[in-house]
Amino acid sequence: MKKVLYILLFGSLIFGSCAKNPEKETGKIRFMFDPGSLKFISSSFNPNLQTMSALYGNQKGISALEAKKGIIGVDLKLVTYKMQDDPNYFGSKVNGELLSVETVKSDQMGNLKYGIEFGKVSSNESSKQRISSILEYQPLKLPQ
Amino acid sequence: MKHLKQIRILPIVLLCISAGFIALQFFNAPIEQRPVTGPMKNVPKEVTQILERSCYGCHSNAQNLTFLDKLAPISWIVNKDIRRAREVMNFSEWDKLSEVEQKGKFYAIFNMVRAEKMPLPSYAMTHPGAKLSRNEIEIIKQFALSLSKKDSFIPAHMSPVEAGPKVETLTTAIQAGVPVSPNGISYNADFKNWKVIGMSTLIDNSIRVIYGNDIAVKAIQEENFHPWPDGSAIAKVVFKQAKKPNGEIVPGDFVNMQYMVKDGKEYTKTEGWGFAKFNGQELKPTGKTALFAQQSCISCHRQLAESTGYLFNVPPKVNSRKLIEQYLKTASK
């Protein structure tokens, strides 16, 4: 008796899986940023530019965020993506195409230097403004 | 000779089948009737009419079963679906949900009908009238959207630094021990060392960071989702939204943390994924019994994220291979 049930259930499964698959084959690839030895610090999204960013850094980088100024040994990377709809869930937005990787590093004097490692930056701020925007991030506040 | 035998066997087989069929009806327990205790309120009639016609057959205490639905063995499947449907969402006991949960359900409802996952395809086939038209799906979408319009503005937070209680004051809360979900999955602070595999934000004012352990990251790289290897673990951290001085939205107060841990042998009822959720600064586990994942987690993941092995936050395929390869070459120098 159970068999009949399973055949029927299985049948409905086969029919069910005929529904359209939102994960289209586009010839494009998935991308996960590899921060190497840097740690994830925080994320953001920009409602005006429709971008999402992730900030990574070393310990000195995290200290620089607290001090809001340059110290020796800072290494920060801001990775920015296009913000897009979740292909499977309306109402959710996710990070999509990689747009840019910006860097903030300090020289021997502890002066912060701005650089672009990949892509084009959507914001039209100057290098100096970019550095201070990046220094405005705070590490995630997780339960201890 | 052979022919003769067949002719004699046929009626016997038919007789057996019909006798079996009648016998089946004795094992046909009707679905238990329950009263309508908390019907939906403040939902426009054009929306409730659609739901009543197409969804109440399963997701309510007011079934309108056809003769066929009540006939075993069809009734077994129908009753099983109804029990399962009521367990995850019951329009007749709608008041059991908070306002936020009701809003969340309407997003789930829209997503289910948009993906043609609800009404269940098997049901839609036998109940042609239950299918939704494009126009009806649009009506549901507009209603779901209208629910978040009221509060879709970003709360005017102070700077994110002041946006919540200081972390130092919180350590006492969980000293008693590591919080454990009713299904045995414990809070694992190690996720902080995992790789961030994605970020997301919901219209309902939250911002999320999703981490994956090494096994999960490797599975994504190798497109190894069917099934995900045992030992894969995903952590999603949900925060309130806060505003940076330059207008960007960043994670503010911690809201909850959710895990999905893959063990194909252990979590057979939930597609091999063990679910856990820990809420607030005390990391209070969700669920009274181990059944909570079956009742309140797996449906959406199973129905809407099947193509990536029941996980939503797999980075979408949107990057040009050439550009990424170029970048990785320069970055490794």
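A salt bridge here is a side-chain nitrogen of Lys or Arg within 4 Å of a carboxyl oxygen of Asp or Glu. We're working on a predicted model, where local features need pLDDT of at least 70, side-chain atom pairs count only at pLDDT 80 or more, and totals for chains, interfaces and linings use all residues. Residues are numbered from 1 along each chain as its sequence is written, chains are lettered from A and ligands numbered from 1 in the order in which they are written, and side-chain values use heavy atoms, with hydrogens and water left out.

**Exercise 1.** Work out which parts of chain B are tied together by the salt bridge between B:Arg34 and B:Glu93.

*Solution.* 
- Step 1: check the distance. The closest N and O atoms of B:Arg34 and B:Glu93 are 3.6 Å apart.
- Step 2: B:Arg34 sits in the loop between helix H1 (2–24) and helix H2 (45–54), and B:Glu93 in the loop between helix H3 (74–88) and helix H4 (99–114), so the pair links parts of chain B that are 59 residues apart in sequence. Helices (H or I, at least four residues) and strands (E, at least two) are DSSP runs, numbered from the N terminus.
- Step 3: look at burial. Buried means under 20% relative accessible area, exposed over 50%, and partly exposed in between (1.4 Å probe, protein chains only). B:Arg34 is partly exposed at 35%, while B:Glu93 is buried at 12%.

**Exercise 2.** Take the pair A:Glu102 and A:Arg130 and say which elements it connects.

*Solution.* 
- Step 1: the two side chains form a salt bridge at 2.8 Å, N to O.
- Step 2: A:Glu102 belongs to strand S4 (residues 89–106) of chain A and A:Arg130 to helix H3 (residues 127–135) of chain A, so this contact bridges 28 residues of sequence.
- Step 3: A:Glu102 is buried, with a relative accessible area of 1%, and A:Arg130 is buried too, at 6%.

**Exercise 3.** Do likewise for A:Lys77 and A:Glu117.

*Solution.* 
- Step 1: their closest N and O atoms are 3.3 Å apart, which makes a salt bridge.
- Step 2: A:Lys77 is in strand S3 (residues 75–86) of chain A and A:Glu117 in strand S5 (residues 112–119) of chain A, so parts 40 residues apart in sequence are tied together.
- Step 3: A:Lys77 is buried at 16%, whereas A:Glu117 is partly exposed at 25%.

**Exercise 4.** Describe the lining of the largest cavity.

*Solution.* 
- Step 1: On a 1 Å grid over the protein atoms alone, a cavity is a set of points where a 1.4 Å probe fits but cannot get out, and lining residues have an atom within 4 Å of a point.
- Step 2: the largest cavity has 16 lining residues, with B:Phe312, B:Asn313, B:Val314, B:Pro315 and B:Pro316 nearest its centre.
- Step 3: S4 of chain A and strand S1 (195–202) of chain B each give two or more residues to this lining. S1(B) gives the most, with 3 residues.

**Exercise 5.** Find which residues lie nearest the centre of the second largest cavity.

*Solution.* 
- Step 1: of its 13 lining residues, A:Leu49, A:Thr51, A:Thr80, A:Ser123 and A:Arg130 lie nearest the centre.
- Step 2: strand S2 (51–57), S3 and S4 of chain A give two or more residues to the lining.

Methods:
On a 1 Å grid over the protein atoms alone, a cavity is a set of points where a 1.4 Å probe fits but cannot get out, and a pocket is an open set with protein on both sides within 12 Å along at least five of seven lines; lining residues have an atom within 4 Å of a point.
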